[in-house]
Amino acid sequence: MSTDQDKLIAELVEKGLTGDMESINSIEDRVLRSKAKAALAKAKRAAKSQETADPQKKKSEEKSSDDFSSSVNLNERIENMINEKFPGSLVNKNTETHIQLKPDQWFDIATWLKSESSLSFDSLQCQTGIDVGDNILEARYNFHSMKHKHYTEIRIAVPRQEATIPSVEQIWRIADWFERETYDMLGIEFSGHRDLRRILLPDDWEGWPLRKDYQVQETYHGIVVPKMKEGWE
Amino acid sequence: MGVVHGEEMVLNIGPQHPATHGVLRLQVRTDGEVVSEVTPYLGYLHRCFEKHCENVTYEQVIPFTDRCDYLASMTNNFGYVVAMEDLMDIKVNERVEHIRVIMAELQRIASHLLGLGAFGLDIGAFTPFLHMLRDRERILDLFEMTCGARLLYNYMWVGGLSHDLPVGFVESTYRFLDYFEPKIDEFVNLLVHNKIFVERTADVGRLPQDVAISYGVSGPNLRASGQKWDLRKDDPYSIYDRFEFDIPVGEGGKGSVGDCWDRFYVRVLEMKESIKILRQALSSLPKEGDVYQSLPKKIRPPIGSIYKRTESPRGDLGYYIESDGTNIPYRLKMRSPAFTALSVIDEIAAGWLLSDVLAILGSLDIVLGEIDR
Amino acid sequence: MTVDLIFDFLNQFFTSLSGNEFLLLVAILIPCVVLFGFITIYALVVIYTELKVSSFIQDKVGPMGQGVGLHAGKWGLLQPIADALKLLSKEDIIPSSANSPLFVLAPFMIFVGAFISFVALPFGDSIIIADLNIGIFYILGVGSLAVISLILAGWSSNNKWSLYGGMRSAAQIVSYEIPAGISLITVIMLAGTLNMQDIIIYQQGGIFNWILFDNPFIPVAFVIYFISALAETNRTPFDLPESESELVAGFVTEYSGMRYAFFFLSEYANMFVVSAVAATGFLGGWQSPFPNALNSPGWGVFWMMGKTFFLIFIMIWIRWTVPRLRVDQLMNVCWKVFLPIGLVNIFGVAIWTVLFGG
């Protein structure tokens with residue numbers, strides 16, 4: 001009975017979706033009629049959400065692919081230009097979201113990034129230091145151009161034992177404090193920085209807190225340093 | 001005739017000081033009353049926010065973000081939530097978007113009221129401070145009605161909100177807007193055009209536009225220097241591209257472009273713009289919609305990283321989130337606008353008198369919780 | 001004059017000792033003690049007034065609850081008494097690196113300076129302790145004693161912030177005495193005498209005989225005198241020496257307890273003195289505004305107090321409305337604005353008097 005009923009309901013729903021309510025309304029059995037109506041309502045709702053989902057999905061796909069393609073284009077362009085002007089600095093990796101560079105010619109590349117008129121990255125938005133494991137530390141720079149309103153991300157990886165990156169604080173003045181903070185938290189030394197000292201922690205603190213192998217010191221000037229609890233959840 | 005030089009005096013303003021907006025130490029070298037160098041010392045409020053975030057889950061990070069800029073918690077939450085939803089590709093429904101914008105704009109008004117009042121207090125005008133706090137209390141009452149907290153809300157969650165709007169919220173907000181709009185004019189009459197106030201702040205601490213961009217200054221401080229840059233219009237997130245509002249820019253109304261008076265006046269005008277946005281958002285708020293609809297069951301973002309910026313009352317608030325596929329962030333960095341605003345103080349405060357240094361510090365509207373994290 | 005009256009009374013009472021210096025001494029001491037009591041009560045009243053007036057301006061409620069029944073009410077009248085008791089019972093801290101003798105001396109000096117100008121103030125017809133022939137001149141001169149004590153306080157605290165406050169206040173008070181004096185010269189020119197009681201008697205006959213309405217240049221002189229008086233007593237907008245938000249508490253940073261209370265007290269006492277001088281010189285002192293009514297000596301005290309308190313109320317009103325001036329702007333206003341206007345005033349009053357008579 002149920003399969004018969006199901007088939008009947010499916011037929012009625014089909015007819016109802018095309019606008020034909022006669023067949024449903026003419027059913028004598030009240031239970032069957034109401035079941036058919038409920039199934040019809042559900043089918044209509046599903047059809048509507050699919051409609052709205054489709055154009056929205058398309059729109060968001062378009063939009064993100066727009067941004068995506070524009071940023072991809074921009075990153076590719078920058079990479080080509082860097083390859084021409086500063087050969088040997090580019091590390092070929094996944095270019096969709098960022099550009100990976102070697103630290104040697106960073107100062108010259110940075111000066112060029114700011115002065116090149118088609119790029120004109122005059123604002124360093126954020127500089128993050130991060131310990132990516134495998135004894136590698138990375139400094140990630142997010143740049144932005146007020147003139148062209150485009151942005152990019154540049155990453156520089158250095159080995160943990162010899163973490164030195166040329167400083168760019170003379171080009172973007174905010175790099176002064178950003179680099180001090182990265183030095184404070186991760187121990188990356190920025191060569192050429194005029195005043196590299198700790199900024200958030202006291203000057204005589206030991207260790208680089210944001211490294212993954214950081215051990216908190218036991219006492220600081222005789223005060224016991226509280227440890228972080230294991231297993232925060 | 002030469003200039004008579006005495007010995008240089010080294011003076012510490014802070015860390016305990018009624019005017020430093022938190023625990024900040026400014027070491028000032030003065031020759032008489034003229035200041036030759038200002039060096040800020042930070043770190044008195046450092047609470048290891050970023051290290052904590054590497055040990056708690058993504059949902060548990062949200063109360064931590066509240067406490068960074070404790071005077072504008074809603075916009076802190078907003079920035080984090082927008083970044084996470086971008087990373088995980090979650091879309092929230094219309095009602096959630098509208099409520100978020102309403103809360104963020106109310107928070108912007110509240111934060112500006114406090115910042116301007118504290119600035120007036122530094123200059124010596126005791127009364128506007130109390131009038132503004134009285135109006136701010138009404139906004140905090142609205143927040144308390146919604147989520148139970150007055151200062152640190154934990155309101156915006158990844159994919160939705162923690163509470164829906166209570167019954168009567170929309171009417172109360174309309175009543176507040178009708179009450180508050182004439183108060184801005186009253187306040188402008190009392191302080192903004194007052195001759196003594198203008199003399200204290202016009203032409204003081206001028207911040208040129210290119211210096212501001214190089215130092216990463218953003219928000220009202222940058223707009224006061226003449227650059228028309230507002231993330232709500234230039235890099236829109238959430239549904240800000242649907243609303244009509246202007247971006248006030250400093251024009252040197254009483255002195256030169258980018259002085260303390262401009263920074264002050266830009267904030268006053270921004271409050272008016274926020275009221276416009278609020279009225280539009282309230283009128284187009286959909287009555288139906290479930291705020292818990294898109295809350296994900298488990299927050300496990302795909303491997304990758306994202307840097308997303310939003311406009312907090314102090315400037316560009318940026319979150320850099322790197323995820324490794326688990327439910328605990330691998331690295332979370334918060335780029336705070338007050339950090340960059342404070343870094344510029346040595347450049348613009350040298351050469352002024354001691355009272356001016358405090359006026360400049362007040363006009364930058366910093367919150368130490370955000371700088372030290 | 002009060003001392004004479006009391007002396008005569010005591011002579012009649014103790015006929016055996018009449019004419020003795022001892023009686024003269026007693027006759028001088030009694031009004032001084034009364035005056036001292038008056039200052040204390042006045043201080044309590046003005047502190048309460050300031051708190052309440054500031055609360056109304058700032059949309060607060062101010063002291064409440066200690067009503068005359070000690071249950072919650074609208075008055076809060078016991079608040080100033082509670083303040084005084086609190087200050088009396090605080091621990092007396094002298095910083096170890098401060099210069100102790102000077103540190104201790106400073107509050108006493110400033111209070112003495114305020115008190116000895118009180119003895120020359122006319123409270124009513126023949127109610128004045130020292131009816132000096134050089135009344136106004138004496139008050140102006142003695143008021144500068146405050147400067148020394150402020151510098152002492154700033155220097156001896158051995159604290160950079162106090163030093164800043166002390167230096168600023170010395171510069172400010174010394175500079176602003178000049179426009180104040182120059183404005184009073186116009187009064188003295190019109191009245192023709194330095195004696196306080198005679199200046200008041202010159203203004204008898206109702207409100208339009210007051211010096212304020214005598215001459216179109218006098219209101220300008222009144223305004224200049226009033227603003228200079230604000231500067232002399234270190235009130236906002238000239239309260240840089242003690243500006244709370246900048247210098248912690250300026251030159252009183254290191255003082256606590258009763259010593260702090262002395263500075264506080266003498267600021268209010270100074271306010272009274274300058275308001276009383278303004279009331280005497282410009283507003284007619286204890287003369288009633290109606291030419292023939294309410295003239296008796298009792299009413300005289302009422303009018304004098306009324307005018308003085310009105311001016312004090314305006315001082316409190318200005319304090320809570322207006323932001324403060326920066327040090328160089330303050331000096332600018334004094335030397336480049338008030339001084340020329342004051343000199344022009346003297347000239348103008350003199351010419352007006354010659355052309356249009358008394």
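This is a predicted model: local features need pLDDT of at least 70, side-chain atom pairs count only at pLDDT 80 or more; totals for chains, interfaces and linings use all residues.
**Stop 1: an aromatic pair in chain B**

Select B:Phe78 and B:Tyr237. The two rings form an aromatic pair of the edge-to-face kind. Their centres are 5.6 Å apart, with 75 degrees between the planes. Now trace each residue back to its element. B:Phe78 sits in helix H3 of chain B. B:Tyr237 sits in the loop between helix H10 (231–234) and helix H11 (260–283) of chain B. The pair links distant parts of the chain, 159 residues apart.

**Stop 2: the three-stranded sheet of chain B**

Next, show the strands of the sheet S6-S7-S8 in chain B. These three strands form an open sheet in that order, with antiparallel pairing. Colour the edges: they are strand S6 (304–312) and strand S8 (331–335) of chain B, and each pairs on one side only. On average, neighbouring strands of this sheet are turned by 10 degrees against each other, direction ignored.

Keep helix H3 (residues 73–88) of chain B in view. H3(B) packs on this sheet and touches S6, S7 and S8 of chain B. Its direction makes about 145 degrees with that of S6(B).

Now zoom in on strand S7 (residues 315–323) of chain B. Five bridges join S7(B) to S8(B), and the two strands run antiparallel. To see one residue and its partner, pick B:Tyr319. Its bridge partner in S8(B) is B:Met334.

**Stop 3: the four-stranded sheet of chain A**

Move to chain A. Here an open sheet of four strands has the order S1-S4-S3-S2, with mixed pairing. Strand S1 (99–101) and S2 of chain A stand at the edges, each with a single partner strand, so one side of each has no neighbour in the sheet. Neighbouring strands of this sheet are turned by 25 degrees against each other on average, direction ignored.

Select strand S3 (residues 136–144) and strand S4 (residues 151–159) of chain A. Nine bridges pair them in the antiparallel sense. Within this pairing, A:Glu138 stands opposite A:Ala157 in S4(A).

**Stop 4**

Which element gives the most to the lining of the second largest cavity? H5(A) does, with four residues. The space in this cavity is about 50 Å³. Select its lining across both chains: among the residues are A:Phe178, A:Glu181, A:Thr182, A:Met185, B:Glu50, B:Arg331 and B:Lys333. The elements that give two or more residues are strand S2 (123–133) and helix H5 (175–186) of chain A, together with S8 of chain B. The lining divides into three nonpolar, four polar and four charged residues.

**Stop 4: the largest cavity**

The structure holds five cavities of 30 Å³ or more. Finish at the largest, with about 110 Å³ of space. Of its 13 lining residues, select those closest to the centre: B:His131, B:Met132, B:Asp135, B:Lys183 and B:Phe187. Helix H5 (126–147) and helix H6 (169–192) of chain B are the elements that give two or more residues to this lining. H6(B) provides the largest share, six residues. By type, the lining of the largest cavity has eight nonpolar, one polar and four charged residues.

Terms used:
Residues are numbered from 1 along each chain as its sequence is written. Chains are lettered from A and ligands numbered from 1 in the order in which they are written. Side-chain values use heavy atoms; hydrogens and water are left out. Two strands pair if DSSP finds at least two bridges between them. Axes are lines fitted to C-alpha atoms, for helices over the stretch in contact, and angles run from 0 to 180 degrees between N-to-C directions. Contact means heavy atoms within 4.5 Å. On a 1 Å grid over the protein atoms alone, a cavity is a set of points where a 1.4 Å probe fits but cannot get out, and a pocket is an open set with protein on both sides within 12 Å along at least five of seven lines; lining residues have an atom within 4 Å of a point. Grid points are joined across faces, edges and corners, and a volume is the space filled by probe spheres set on the points. Ala, Val, Leu, Ile, Met, Phe, Trp, Tyr, Cys and Pro count as nonpolar, Asp, Glu, Lys and Arg as charged, and the others, Gly among them, as polar. Rings of Phe, Tyr and Trp (its six-membered ring) pair if their centres lie within 6.5 Å; planes under 30 degrees apart count as stacked, over 60 as edge-to-face and the rest as tilted.
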